[in-house]
Amino acid sequence: MASPRTVTIVALSVALGLFFVFMGTIKLTPRLSKDAYNEMKRAYKSYVRALPILKKMGVSSILLRKSIGALEVACGIVMTLVPGRPKDVANFFLLLLVLAVLFFHQLVGDPLKRYAHALVFGILLTCRLLIARQPEEQPPEKRILLVNGDEQTLAHEAAPEKGKVKVS
């Protein structure tokens, strides 16, 4: 049976991956929701207007929206389908992306209800990354002790069972 840590990481990876695939797709195409797509277009225009350095660098609202959308879709697919270390890399990129989006929302003065989802998913990404980076707990070592020619299995002395006190 899978450990609770593994189940948590897999559940968070799939849920977060699907969310970011969905949100990235909304930024890229109006096929899922024309209203949400138009709202994204409007929002990214205000982000570029609020940060003139983007315009000086040649970054238009369309390029910014499509770049962020494509990165969300790519990282979401990795979080959902690809095993191992690439999930952590995708998680990290999505966390940086969420921080950038939160910065944009603050820059234009959006109310909390407009960016609460980004805040929640940023916290979930942080939790997933912290859980994934923790070392997995190893069971205590077992040793075989020969006593008068008989084998006896002993648990490692340094790791007493939980809830029990070692008395000498």
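Trainee: What makes Asp110 and Arg114 a salt bridge?
Mentor: In this predicted model, the closest N and O atoms of Asp110 and Arg114 are 3.9 Å apart. The cut-off is a side-chain nitrogen of Lys or Arg within 4 Å of a carboxyl oxygen of Asp or Glu, so the pair qualifies.

Trainee: Which residues are joined with Asp110 and Arg114 into one network?
Mentor: Glu39 and Arg42 are, through salt bridges that share partners. The side chains of Arg42 and Glu39 themselves meet at 2.6 Å, N to O, within the 4 Å limit. Both residues lie in helix α2, three residues apart, which means that about one helical turn separates them.

Trainee: Are Arg42 and Glu39 buried or partly exposed?
Mentor: Partly exposed: Arg42 has 41% relative accessibility and Glu39 has 31%.

Trainee: What does the salt bridge between Arg128 and Asp88 tie together?
Mentor: The two side chains meet at 3.0 Å, N to O. Arg128 lies in helix α6 and Asp88 in helix α5, so the pair ties together parts that are 40 residues apart in sequence.

Trainee: How do you know that Arg128 and Asp88 are buried?
Mentor: Their relative accessible areas are 1% for Arg128 and 11% for Asp88. Buried means under 20%, so both names hold.

Trainee: How many salt bridges does a search of the whole structure find?
Mentor: Six.

Trainee: Which residues have the most contacts inside the largest nonpolar core?
Mentor: Phe20, Leu64 and Leu125, in a core of 31 residues. Helices α1, α2, α4, α5 and α6 each supply at least two residues of this core, and α5 gives the most, with eight. Phe20 touches, among others beyond four places away in sequence, Val73, Leu94, Phe121 and Leu125.

Trainee: Why is Phe93 called partly exposed?
Mentor: Phe93, in helix α5, has 42% relative accessibility. Exposed begins over 50% and buried ends under 20%, so Phe93 counts as partly exposed.

Trainee: Which residues make the nonpolar surface patch with Phe93?
Mentor: Val89, Phe92, Leu96 and Leu99 make the patch with Phe93, and its area is about 460 Å².

Note on methods: Residues are numbered from 1 along each chain as its sequence is written. This is a predicted model: local features need pLDDT of at least 70, side-chain atom pairs count only at pLDDT 80 or more; totals for chains, interfaces and linings use all residues. Side-chain values use heavy atoms; hydrogens and water are left out. Patches are made of residues with over 30% relative accessible area and no salt bridge: like charges are joined within 9 Å, nonpolar side chains (Val, Leu, Ile, Met, Phe, Trp, Tyr) within 5 Å. Accessible areas come from the Shrake-Rupley method with a 1.4 Å probe; for residues, only the protein chains shown count as cover. Helices (H or I, at least four residues) and strands (E, at least two) are DSSP runs, numbered from the N terminus. Buried means under 20% relative accessible area, exposed over 50%, partly exposed in between (1.4 Å probe, protein chains only). A nonpolar core is a set of buried Ala, Val, Leu, Ile, Met, Phe, Trp, Tyr and Cys residues joined through side-chain atoms within 4.5 Å. Contact means heavy atoms within 4.5 Å.
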